[in-house]
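Please look at the sequence and the structure shown here, and keep both in view while reading the report.

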Amino acid sequence: MENKILFTDLDETLLDENKEICRENREKINQMLEAGHYFVITTGRPVATGKIVVKELGLTMPGCYMAAFNGAVIYDCAAQRILAQRTLPLLVAKEILEEAHKAGIYVHSYQQDIILTEEHSPELDFYLSNAKMEYQLVPDIYSRLENEPNKIILIDLDGDKRLLEFQKEHEKLLEHTNSFFSRNEFLEYCPKDTDKGSAVAYISKFLGVPIEHTVGAGDERNDIPMIKASHIGVAVKNAHPDVKAAADYITEKDSSHGAIAEVIDKFILS
């Protein structure tokens, strides 16, 4: 049997808009794991909240992996250990934080599974509604970074207009970072050459599975590198138009009605 790997985004791909998984998805994941295939959650979420979801879904058996922070951290769900990680240099993190402050855009980073933020704002509450985790209010984020962070995120609840302007005006940051949107409100800065596509390359090599046996499925723009890196790139029915344009296949079902089950049936178990 040829072992295959399914890389799947979490929110509104594997999970529905209520952060729940449908019965069809759960059953098909169990089937593919029992058949000896590999299942990888790829998410922009931190490791801390990703581990909570992994446990809730019962994805702690051999064959289950996670790429958190948009590929900056590779995690073995069965062994409960980090296999690899990449970080932003502290001086680069400092520049991003300072420029976000100048632009008047909310920004936060992470340290040891805790959000570091300088204000309890509607942006923070919105983020916490999507990824429940602990946070700490600090007078200055940079001064509280004990280690290089895996990611920095800028948030604007009015949409992506100001964030797009910030990204364009600070193109020089891309010399040392990778930047993309995980949704209209979230502009993320990750380490250079790090995205969900780099996670596909790393995990495929680590498991000894050829790229020709990989499938990647997602719904948002930060999923595009994964979709392009996988042999078969899939956009779920409810995906962003840019994601659909990059995909080889668009599911007939959306994230609330078994899109991932459809992908497993068509490309993994067939």
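The report below takes up some paired strands and then some aromatic rings.

## Basis of the report

The model is predicted, so local features need pLDDT of at least 70 and side-chain atom pairs count only at pLDDT 80 or more, while totals for chains, interfaces and linings use all residues. Residues are numbered from 1 along each chain as its sequence is written, and side-chain values use heavy atoms, with hydrogens and water left out.

Helices (H or I, at least four residues) and strands (E, at least two) are DSSP runs, numbered from the N terminus, and two strands pair if DSSP finds at least two bridges between them. Strand S6 (residues 106-111) and strand S7 (residues 114-117) run antiparallel and are joined by 3 bridges, with Gln111 standing opposite Ile114 in S7. These two strands form a hairpin with 2 residues between them, and in the turn Gln112 has a positive phi of about 50°.

S7 also pairs with strand S8 (residues 135-137), in the parallel sense and over 3 bridges, and here Ile115 stands opposite Tyr135 in S8. Between S7 and S8 the chain passes through helix H4 (residues 122-130), making a β-α-β crossover that is right-handed; this term applies if, with the strands pointing away from the viewer, the path from the first strand over the helix to the second runs clockwise.

## Aromatic pairs

The structure holds 9 aromatic pairs, where rings of Phe, Tyr and Trp (its six-membered ring) pair if their centres lie within 6.5 Å, and planes under 30 degrees apart count as stacked, over 60 as edge-to-face and the rest as tilted. The centres of the Tyr65 and Phe206 rings are 6.3 Å apart and their planes stand at 75°, so this pair is edge-to-face. Because Tyr65 lies in strand S3 (residues 64-68) and Phe206 in helix H6 (residues 196-207), the pair ties together parts that are 141 residues apart in sequence. Tyr65 is buried, with a relative accessible area of 10%, whereas Phe206 is partly exposed at 40%; buried means under 20% relative accessible area, exposed over 50%, and partly exposed in between (1.4 Å probe, protein chains only).

Tyr249 and Phe267 also form an edge-to-face pair, 5.2 Å centre to centre with 80° between the planes.

## A ring cluster and a charge

Ring pairs link Phe69, Tyr110, Phe126, Tyr127 and Phe186 into a cluster. Arg183 lies over the face of Phe186, at 5.6 Å from the ring centre, and a charge sits over a ring if NZ of Lys or CZ of Arg is within 6 Å of the ring centre and within 35 degrees of the ring normal.
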